[in-house]
Amino acid sequence: MTVQSHFRIRGLNSHSAIARSLLTTTAIPWNTHLRELAKQCLFSEALNLYRRMLRSGQSPNAFTFPFVLKSCASLSLSTAGKLLHGHVIKIGCEPEPFVQTSLISMYCKCCLVDNARKVFDENPQSRNLTVCYNALISGYTLNSKFLDGIVLFSKMRETGVAVNSVTMLGLIPRCAEPVYLALGMCFHGFCVKSGLDIDFSIGNCLLTMYVKCGSVQYARSLFDAMPEKGLITWNAMISGYAQNGFATEVLDLYREMKLCGIYLDPVTLVGVLSSCTHLGAHGVGREVEQQVQLCGFDSNPFLKNSLINMYARCGNLVKAREIFDSVLEKSIVSWTGVIGGYGVHGHGEIAVQLFEEMIKTGIRPDKTAFVSIISACSHSGMTDKGLEYFSAMKSKYGLQPGPEHYSCVVDLLGRAGRLKEAKDLINSMQVNPDGAVWGALLNACKIHKNVELAELAFERIIELEPTNIGYYVLLSNIYSDAENLEGVLKVRVMLRERQLKKEPGCSYVELKGKVHMFLAGDKTHSQTADIYGMLDELENSVKQLGGPNGEDHKRRKGEEQLIGEGVHSEKLAIAFGLVNTSPGTEIVVIKNLRACGDCHLFIKLVSKIVDRKFVVRDATRFHHFKDGVCSCRDYW
DNA sequence: ATAGGGTTAG
């Protein structure tokens, strides 16, 4: 076959630069090797090979450049990229559309969008090519120039250049935050109208966009409507649920996925583990660990960190530590996982020790690491140590504290009774405090029974989070403790005026790998009769005991005065646990809201008369109950 | 032999 006929078959112009450059057919073996390296993502090797090629006197041709430019792009080597652009011009293959597209893409990935634009503008024949538009659009959107990307998209449509699915794939992922949801939905509409929505990747992309915008229900309906679901589709839905806190849905979907016979990959299991962490589903977590080994993903660093985190949050610190120790290259995430685990379960000293060790190994703590260490100090009453870290964070590590740090420090000071300092700290904040910051103060006011400051904190809170029912309940409890009935009524009126309803309390217990959920007053569980029977029995025995200070566990607290409701969900969960476990075991209950005072006392008393350990995780902390004692020292 | 995109932890 002659060179000419070859080009006719490929549909290329035989007078083009390719035709000329292809006459140097000796470049072919080099190019083939380069392609292999680029395919395996061995980019620096590819660039080395290119250097060797030049040194050996072989001049590159048009087919050489896409591979080397891609390597530069992947490594973000802008200087080398510009140099290559020079070579392209010298060889004279700049007019070739695919060389141009590679150039545009390279410049975009090196954050030189203006250079990319210049290549685009200076070559009139390529300006009508979909691929060039696509490269530039995704370049704009990746460089936070979303608006320019949209403008280019409109221009594409005006000038009649064909839009394909890759165009949309450059635009849709950038709509993955709530402010752009409306725009994303327009793109979705466009895809449907132009028939692009049947594209597999577009579906995945839209799905991800919806979950990142928090529209989980919408994402689910899209998921259900997708005729063909691939691994990425399942993963996107699973991690979408996980990121939005829909933990039980994750486990259901994971089961369904396995039933459908879909192969799992590490991404799937990371999502599932994240939900186990949220749910405290220790047993399911262990199952996932077996799955990890079964699939041979043992060495995946993401998964190792997820496992550390899951075990640490579920209270299995031994196992968390074991995996942590087995990680050879411990990242900041691995460290933060164990530190947070020890902290949240009340072993502040160990958390501090580990934190210091981490710094010694040369890892610089980041913002999240400081959140875990400061809150670890707060859980263990190490007030001054916590303050020390807070100040080191700013002065020694130059990290600007965010509201999440301030809420930890306010909690730290507040629990120690240093309410005035806590309040002054909030007033001195550089960033705007969020609800959690004032909430920590409100919580401290409850512990130290300070109604006046509580009212002030509450005023700020409802400006920031007017619909967060938890704070109304907290204030009502403070009034109730102070026997201020007028205050309790005031809160009740506020709730009615704002038409707020209390978020239903719910608790989970995990048993034999299945998660059982109870709502307040729930009678839907298949063992309802046994559960309520057990509860009656417990209440009777507990009544005879009285509290440690002669308290009656049935005193009415503000929460129940505020909203009359059925049996609290954590009581149901505890009773369920007792029905289904044998003596000596540990029952772990997870509650979505804060544990109520009544239940806390009740569980404390129950732990005195039955041979079980109880762990209750509520919205703010862990409570470990055994033999009539709870690990939390400041509550009730 | 050639370019453009979607899922991962604290």
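How are α33 and α34 oriented relative to each other? The two helices are roughly parallel (an angle under 35 degrees; over 145 counts as roughly antiparallel, 65 to 115 as roughly perpendicular and the rest as oblique).

## Basis of the description

This is a predicted model, in which local features need pLDDT of at least 70 and side-chain atom pairs count only at pLDDT 80 or more, while totals for chains, interfaces and linings use all residues. Residues are numbered from 1 along each chain as its sequence is written, chains are lettered from A and ligands numbered from 1 in the order in which they are written, and side-chain values use heavy atoms, with hydrogens and water left out.

## Helices α33 and α34

Helix α33 spans residues 569-580 and helix α34 residues 597-609; their packing angle is about 20°, and their axes lie 10 Å apart. Axes are lines fitted to C-alpha atoms, for helices over the stretch in contact, with angles from 0 to 180 degrees between N-to-C directions. Helices are DSSP runs (H or I, at least four residues) numbered from the N terminus.

On the α33 side, E570, K571, I574 and L578 are in contact (heavy atoms within 4.5 Å) with C599, F602, I603 and V606 of α34. This contact has six nonpolar, no polar and two charged residues. Nonpolar here covers Ala, Val, Leu, Ile, Met, Phe, Trp, Tyr, Cys and Pro, charged covers Asp, Glu, Lys and Arg, and polar the others, Gly among them.

## Helices α7 and α9

Helix α7 (residues 97-109) packs on helix α9 (residues 130-142) at about 0°, with the axes 9 Å apart; the pair is therefore roughly parallel. P97, Q100, T101, I104, S105 and C108 of α7 touch V131, C132, A135, L136 and G139 of α9. By class, seven residues are nonpolar, four polar and none charged.

## Domains of chain A

The assignment, automatic or from a database, divides chain A into domain 1 (229-321) and domain 2 (506-630). Their centres, taken over C-alpha atoms, are 28 Å apart. Contacts link 13 residues of domain 1 with seven residues of domain 2.

The domains bury about 790 Å² between them, 51% of it on carbon and sulfur atoms. Buried area is the accessible area (1.4 Å probe) that two parts lose on being put together, summed over both. In domain 1, T248, L279 and R313 lose the most area to domain 2, together 44% of what that side buries.
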